[in-house]
Amino acid sequence: MSTVVNLAEQLINGISLGMVYVLLAAGLSIIFGVMDVINFSHGELFALGAYFALSIVDPLGSGVGFWVALILSPLLVGIVGVGIERFTIRPLYGRNPLYHILLTFGLVLIINDLITLGWGPEQQNLGVPEYLTTPIALGGIEVSVYNYFMIGFTALLAAGIWLFLTKSKYGMIIRAGSEDRQMVRNVGIDIDRYYTLIFGIGAALAAVGGVILGGYQSVSPGMGSSVIVPAFIIVVLGGLGSFRGAVFGGLLVGIVRTLTRTYAGSELFELQGTIVAVPDFEGVTIFLLMIGVLLYKPQGLFGSSEHGGGAESTLLTGVESQVFSDGTRRTLGLAFLVLLALAPLVFLLTGNTYYITLLNQMFIFAIFALSLDVVMGYTGLVPLGHTMFYGVGAYAAALVMIHLTSSFLIALAVAILVCAILAWIVGSLSIRVSGIYFAMITLAFAELLYNMVYKFDFTGGSDGLVGWEPLVGIAGVGIELGSISLPLGLIEITPATAFYYIAFGLALLSLYFATRVMNAPFGSVLASIGETEERTKFLGYDVRKYKRRVFVISGGMAGMAGGLLAVNPSTFIVSPDQTLAWIHSGEVIVMTLVGGMGTLVGPMLGAGFFVGAEDILSSYTEQWRLVIGTVFVLFVLFVPRGLISLPSVIADVYSESRFDNSIATKKDMEESK
Amino acid sequence: MTETVLEIRDLTKKFGQLTATNHIDLDVESGEFRSVIGPNGAGKTTLFNLISGALRPTSGRIEFAGEPIADLPPHERVRRGVSRSFQITNIFSGLTVHENVRLAVQSKHYAGLDRTEALFRDTGSFDTMNDRTDGILRRIGLADRASEMAGTLAYGDQRRLEIGLVLATDPQLVLLDEPTAGMSSEETRETLELVNEVLADQSIMLIEHDIDLIMDVSDRITVLTRGEVLASGTPEEISTNDDVQDAYLGGGRDE
């Protein structure tokens, strides 16, 4: 087969995939353009579309069923979208747009688990009429009829949406709303009703994409999370809120992905005996592309500069010490520490050693959450790729212990150092953009690293790293953590127990470190940046310098958490999915927010809560993420200041007193202006 | 002879097709109280943004204390002594009143701290800074509200706090963008008195809509229309200037 024909076939495959991305990105982009909502659950709505189609095709057969599903499934998902908008997104209008990211991340967990619950975890095939799946040769190019159907159908649909937006009355109002919401309200149009409609349309478009891709490839619960990141990249590439950008970006990403996948590793030419091959860039190119575009033209290729620049309304931070006096809190804290210090001894005595392992995990995540908090809770930067530091820290520590020295101290030190350097590089580039763009660019960096560890041999590819033995000591002098066995009266100190005190100590040290920093001049500037960046700048502070530095501190701390994961005696493997997948960036945000961001203790408690809840729930149900997701959504909606503020929230409800923590008053004041 | 603290020559800022400030020349002398007036869209705030560094000029020169500053980032200008307030209240509403002012004071001292101090020493233990903060709180009359959250202050007090923030950065030139916006006439008078009192040693540039109000307090007044300087002079000169009369009475209807 000639290379030209092959290339043409791959181009058609690329465009087919690209058109699905166009549908996804168009919905995301319209929703953002009009409502300023970043919908992370878009991928799950897409998957839901495919699953509804499965259930429709099943009784009707693939002949009729596919066409019925193509109409009915998007309608159903559209209705789901309407419900989501009314009951979860609507209460959040007016808050910082980053809350929508958090909320819809919770929805991801919920919908994904509902899908597994309803349809099972295994991969399934969606029945497609036979005449669509037959191969067809046009001008020597042989692809399936389905390719042409995909391209044709989605092109028609996209054209229809474009006509709707530009020519119809509704479309005009929607576009006017994306320009100036208040003005549309002032002329007597109930724009809120349109929000529901728009979200419904966006959801339905995603579902169409799901049905079509389901018929092209297959249907599995992971399909949502595998498209959402590319979809975001497309929207950011094309420009948030731009329909043209979505079309262009969708096709570009579809083609680039298909071509890089097909031609990776193929030989280009031979040079002095060495074969020069196309480097394996799949999954890496689009992230590099996104980072490049964001840095060069943050508003995207087709975007206008009005959207998503900075965060106008600040994030709601936790409120401490409203109910308990300082003294009570200190006593409580101290009692808690003593309890933690004695806990493993009690567990060893009673034989519940499992809980030691669980607490070890909590300490690791507590440090990780704390590291996010100094960036997110204090400085007001929301990184969606924070897990890159956790993952790189774990890899760095494991690599040190495999190749260099088994000393856990050196492994941790290297993990911290490597991540601090990485944070300096990523930070320097990312802080040039703000708000949603900052969130997106950090996500792109994390995904870039995630895809890179797959490519390299020294990182063990998708299998990850195995086979090291941490040494408690330095320069060969010390004892292997895994073989610690120290009889102590009635109990015997196990490796897990030894690690417990290491992790506990480091968690305490981190908390102490963060407290000192936040109470010092440097930390006070971070808090002021979190409040209003502009004012901070005009007080004479070089805001970027502070952001970069806090990013380095945070990255180093997250690196230490990752390093601890590698040192943990119950960790046998460090793999990309376990450390670098984007879902972990979301999880650590959940921990921080549930605990109460902007307080140092809150996120650490949140981490403990998350790990504990996961453990308890997963012993009852496979769908523990469903419960966690629901709890998280409820927190975003009703307790945005986190667990740490629960005492004051409860006290508030009880006494009905009008002590309020400055939100209400602030709002009143803004309204009275 | 008084010296010129701010010298602006041929300053132009274009946003696409729109020319917001058009070849502006302007001098402010040391210790002067200069008011800038003009109708909406005359380019007053743009001019302030150019001087303070929020915007970079399309062309032209800005010299402060004899040095070009037009290409410096905002924080560098603050360090050299150019400080500003904002048209819409811009304070740290989630921090205490004391912390607001302390942050402004700290900005001046920060460079003098060694790294360990800056990272780890408790802010409460820097006596010089905290004393200076207390002093400023007394001068702006907010000493007894120091521990309250800035966001819970009454509107007038928030505007006072803004002036305190400006004062705390120890500026030579102060840019005040409608510090009296949204105030009753009584509050306005009080605020202008406060400005006159606490910023007596500084050069002041003030944006204000109400001509009558600034006649008493200003040394000189600059009138802007459509991005250009229509007239500059003492209050008497401005009040008798025909162009100004036309612009204000004619509402700028002529092209």
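Below is a walk through chain B and then a stop in chain A.

This is a predicted model, in which local features need pLDDT of at least 70, side-chain atom pairs count only at pLDDT 80 or more, and totals for chains, interfaces and linings use all residues. Residues are numbered from 1 along each chain as its sequence is written, while chains are lettered from A and ligands numbered from 1 in the order in which they are written.

**Stop 1: all of chain B**

Select chain B and colour by secondary structure: there are 10 helices and 10 strands (DSSP runs numbered from the N terminus, with helices being H or I of at least four residues and strands E of at least two). With a radius of gyration of 19 Å against 18 Å from the globule rule for 255 residues, chain B is as compact as a globular protein of that length. That radius is taken over C-alpha atoms, and the rule is 2.2 Å times the number of residues to the power 0.38. The C-alpha atoms fill a box of roughly 60 × 40 × 40 Å along the principal axes. Of the 255 residues, 44% count as buried (20 or more other C-beta atoms within 10 Å of the residue's own, with C-beta atoms placed from the backbone).

**Stop 2: the four-strand sheet**

Now show the open sheet with the order β2-β1-β4-β5 in chain B, where the pairing is antiparallel (two strands pair if DSSP finds at least two bridges between them). Its edge strands are β2 (18–29) and β5 (67–68), each pairing on one side only.

Start with β1 (residues 4–15), which pairs with β2(B) over 8 bridges. Click B:Leu11 and you'll find its bridge partner in β2(B), B:Ile24. On to β4(B), which β1(B) meets over 5 bridges; there, B:Arg9 has B:Arg61 as its bridge partner.

Next, β4(B) and β5(B) pair over 2 bridges, with B:Glu63 opposite B:Pro68 in β5(B). These two strands form a hairpin with 2 residues between them, and B:Ala65 in the turn has a positive phi of about 50 degrees.

**Stop 3: the six-strand sheet**

Select the strands in the order β6-β7-β8-β3-β9-β10 of chain B: they make an open sheet with mixed pairing. Its edges are β6 (82–84) and β10 (228–233), and the twist averages 20 degrees from one strand to the next (axes are lines fitted to C-alpha atoms, for helices over the stretch in contact, and angles run from 0 to 180 degrees between N-to-C directions).

For a parallel pair, zoom in on β3 (residues 33–37) and β9 (residues 220–225) of chain B, joined over 4 bridges. B:Val36 has B:Thr222 as its bridge partner in β9(B).

Which strands does α1(B) lie across? Look for β3, β6, β7 (173–177), β8 (203–207) and β9 of chain B, with the helix running at about 145 degrees to β7(B).

**Stop 4: a core in chain A**

Finally, select A:Ile367, A:Phe368, A:Ala397 and A:Met440, which touch the most other members of the largest nonpolar core, a set of 282 residues (buried Ala, Val, Leu, Ile, Met, Phe, Trp, Tyr and Cys residues joined through C-beta atoms within 7 Å). Helix α1 (residues 3–35) of chain A gives the most to this core, 17 residues.

Leaving aside neighbours within four places in sequence, A:Met440 is in contact with A:Phe232, A:Val236, A:Leu294 and A:Leu384 (C-beta atoms, placed from the backbone, within 7 Å).

Key:
Contact = placed C-beta atoms within 7 Å. Buried ≥ 20, exposed ≤ 12 C-beta atoms within 10 Å, placed from the backbone.
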